[in-house]
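User: I would like to go through the labels used for this model and the values behind them. Please set each value against its definition.

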Amino acid sequence: MFSRNDFSIWSILRNCIGMELSKITMPVIFNEPLSFLQRLTEYMEHTYLLQRANACPDSTQRMKCVAAFAVSAVASQWERTGKPFNPLLGETYELVREDLGFRLLSEQVSHHPPVSAFHAEGLQQDFVFHGSIYPKLKFWGKSVEAEPKGLITLELPKHNEAYTWTNPTCCVHNIIVGQLWIEQYGTMELLNHRTGEKCCLNFKPCGLFGKELHKVEGHILDKSRKKLCALYGKWTECLYAVEPAAFEAHKKIRDWYARPCVRLTPFQGSSGALEEVPSPAADTVEMIPGSQLLWRIAPRPANSTQMYSFTSFAMQLNELHTEMEASLPRTDCRLRPDIRAMENGDIDVASEEKKRLEEKQRATRKDRSKCDEEWKTRWFQQGPNPHTDSQDWLFCSAYWDRKYSQLPDIY
């Protein structure tokens with residue numbers, strides 16, 4: 001990755017406090033060489049959890065696996081302070097991983113507001129995972145907050161079950177001065193529409209002394225709100241399940257020991273600003289006796305910090321083989337010249353290409369408005385989500401026929 005030391009993000013953002021950032025043009029140096037469509041694909045890194053859920057005969061056990069999958073989906077954001085490239089309208093990304101047992105397609109279905117739709121399915125017809133994300137970015141002076149609006153749906157056909165949830169809010173701190181660091185906070189509520197079981201997970205904000213940093217806690221409840229199971233861990237490390245009584249007893253002991261005195265932790269300096277963030281390599285979650293490990297993060301490659309803090313999975317997303325190129329539609333992210341130039345280490349070409357593509361998109365939109373012509377999505381259509389009746393983007397299923405005629409020239 002390139003050094004950002006010679007660039008002042010403050011000179012760009014000082015007039016944007018409280019504004020939504022999707023319409024602000026950012027220099028390419030603050031990006032990472034992936035499109036947001038590829039970033040969405042990182043939800044699938046821990047697909048084995050969906051396959052494990054499908055194999056569970058008990059609905060509560062299935063919910064544990066689904067909850068672990070939902071938490072694991074945000075784990076790749078740890079230390080990822082680069083901004084993904086905004087997808088162009090009509091941009092697509094496909095990923096087929098026979099080794100992991102899934103295939104996925106995503107498409108940028110709207111530009112204002114920016115909406116990315118995706119649809120993944122198990123190669124053994126064991127699951128369908130789909131949704132649409134509308135990231136709302138706001139700058140608050142010292143931090144940038146990303147609220148991932150949009151519904152995520154998982155279907156397990158074997159059990160006739162559907163689960164829906166939304167992701168927590170992500171915040172990047174120390175935008176102006178200091179070391180950048182990320183936290184996730186907010187409530188994630190997963191609902192099993194067949195059984196009525198819910199999993200309510202609280203992604204805790206850091207707190208004054210950093211004690212709650214990265215913590216996730218919650219419960220699985222039956223339809224009468226009885227606690228069936230407690231979940232705890234950190235989204236940067238792992239997630240455990242344990243009996244609710246054991247969890248409550250552990251919390252009482254923990255809170256009792258925390259009461260007598262309050263001390264500054266290593267996370268807070270004398271100025272009161274957070275300076276250091278623990279590494280996920282160190283296991284910092286205290287395991288309660290009798291707990292079941294649901295998920296643990298995979299170690300990152302040794303050179304990850306030089307590679308935009310990518311996971312091994314993320315490093316493979318832009319790979320382009322000659323045989324692949326013949327079958328891909330011309331709208332695929334792998335063929336996008338500004339991202340490719342940045343990955344190849346040419347920041348000047350990446351910057352020029354990014355500017356060219358943005359201008360081309362604006363000119364195309366202007367031409368459409370002159371002709372009173374509406375943009376039509378190719379692989380997704382708006383319609384009611386079959387499980388919630390809310391508006392969603394649903395896959396049209398024709399993509400995998402590989403008939404890519406009359407695609408827009410977006411690059």
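User: Why is Cys-396 called partly exposed?

Analyst: Buried means under 20% relative accessible area, exposed over 50%, and partly exposed in between, with a 1.4 Å probe and protein chains only. Cys-396 has a relative accessible area of 29%, so it is partly exposed. This is a predicted model: local features need pLDDT of at least 70, side-chain atom pairs count only at pLDDT 80 or more, and totals for chains, interfaces and linings use all residues. Residues are numbered from 1 along each chain as its sequence is written, and side-chain values use heavy atoms, with hydrogens and water left out.

User: What makes Cys-65 count as buried?

Analyst: Its relative accessibility is 7%, and the limit for buried is under 20%.

User: Which residues of helix α3 are buried, and what makes them line one face?

Analyst: Leu-49, Leu-50, Ala-53 and Asn-54 are buried in α3, residues 48-55. Helices (H or I, at least four residues) and strands (E, at least two) are DSSP runs, numbered from the N terminus. The arc is taken from the directions from the helix axis to the C-beta atoms. Seen down the axis of α3, the buried residues fall within an arc of 140 degrees, so they line one face. These residues pack against α4 (59-75), β8 (152-156) and β16 (292-296), where contact means heavy atoms within 4.5 Å.

User: What makes a set of residues a nonpolar core?

Analyst: The members are buried Ala, Val, Leu, Ile, Met, Phe, Trp, Tyr and Cys residues joined through side-chain atoms within 4.5 Å. The largest such core has 67 residues, and Leu-154 is among those that touch the most other members. Helix α4 gives the most to this core, with eleven residues. A second, separate core of twelve residues includes Ala-117, Trp-393, Trp-400 and Leu-407.

User: Why is Asn-160 called exposed?

Analyst: The relative accessible area of Asn-160 is 63%, and exposed means over 50%. Asn-160 lies in the loop between β8 and β9 (161-165). Its phi is near 55 degrees, a positive value in a residue other than glycine.

User: Is Asp-372 buried or exposed?

Analyst: Asp-372 has 72% relative accessibility, so it counts as exposed. Asp-372 is in the loop between α9 (347-370) and β17 (380-384).
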